[in-house]
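Please look through the sequence and the model shown below before reading on. The paragraphs that follow lead from one contact to the wider layout of the chain.

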Amino acid sequence: MYMRSCKLHRARQLGHVWPYREWAKLFEDTASVNVLFVCSRNQWRSPTGEEVWRKTPGVEVRSAGTSRNARRRLSLVDIRWADLILVMEQKHKSRIRADFRDEVKFKALQVLDIPDDYGFMDPELVEIIREKTASLITLGNDKG
């Protein structure tokens, strides 16, 4: 007959996490939501979205571009990392669906409809991004 301490010791040797308290430690940080902002060249709009949400507790952000000329090009790693993908225009959503069809099949992918008329951290752009993303990101943050 095995005692609880023997089972715990053997589970740790095998790399299993047991009992419940150790599972709880693993899942403590799952309350954060990973948000990916996407535009064409990752120059003005998506970096602004990233900057707006960067210091918000419980929100991890990245930005990327769909173009070959993007400062930071969208990758499979970004898609897999993201819980929520926010694109600036419908063409970005179409491009992502074409390039990463299987990976985005079950991802939350939202179009913000923000035209390429603004510079980086333009006050009007910042306000539009906050207005259009606040409810989406706080909803995603309630996943845990």
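Which residue lies over the face of W81? It is R62, at 4.2 Å from the ring centre, where a charge is said to sit over a ring if NZ of Lys or CZ of Arg is within 6 Å of the ring centre and within 35 degrees of the ring normal.

Residues are numbered from 1 along each chain as its sequence is written, and side-chain values use heavy atoms, with hydrogens and water left out. The mean pLDDT (the predictor's confidence in each residue, from 0 to 100) of the protein chain is 86, and 78% of its residues reach 70 or more. Confidence is lowest in helix α2, residues 20–26, with a mean of 56, and highest in strand β3, residues 84–87, at 97. Where pLDDT is low, the predicted coordinates should not be read in detail.

The protein chain contains six helices and four strands, helices being DSSP runs of H or I with at least four residues and strands runs of E with at least two, numbered from the N terminus. Read along the sequence, these elements follow the pattern α-α-β-α-β-α-β-α-β-α. Of the 144 residues in the protein chain, 36% are buried; buried means under 20% relative accessible area, exposed means over 50%, and partly exposed lies in between, with a 1.4 Å probe and protein chains only.

Eight of its nine residues are buried, so α3 is largely enclosed by the rest of the structure; the buried residues are R45, S46, P47, T48, G49, E50, V52 and W53.

The whole structure holds nine salt bridges. Another of them joins R80 and E103, whose closest N and O atoms are 3.1 Å apart. R80 lies in helix α4 (residues 76–81) and E103 in the loop between α5 and β4 (108–111), so this pair ties together parts that are 23 residues apart in sequence. R80 is exposed at 53% relative accessibility, whereas E103 is partly exposed at 27%. Salt bridges that share partners also join R45, E89 and D116 into one network.

The loop between β1 (33–39) and α3 (45–53) holds W44, which is partly exposed at a relative accessible area of 37%. With F120 and M121, W44 forms a nonpolar surface patch that has about 280 Å² of accessible area together. Patches are made of residues with over 30% relative accessible area and no salt bridge, like charges being joined within 9 Å and nonpolar side chains (Val, Leu, Ile, Met, Phe, Trp, Tyr) within 5 Å; the areas come from the Shrake-Rupley method with a 1.4 Å probe, and for residues only the protein chains shown count as cover.

Backbone angles bring out two further loop residues. Most residues other than glycine have a negative phi, and most peptide bonds are trans. N42, in the loop between β1 and α3, has a positive phi near 50° and is buried, at a relative accessible area of 4%. D113, in the loop between β4 and α6 (123–141), has a positive phi of about 55° but is exposed, at 54%.

Definitions and conventions:
This is a predicted model: local features need pLDDT of at least 70, side-chain atom pairs count only at pLDDT 80 or more; totals for chains, interfaces and linings use all residues. A salt bridge is a side-chain nitrogen of Lys or Arg within 4 Å of a carboxyl oxygen of Asp or Glu.
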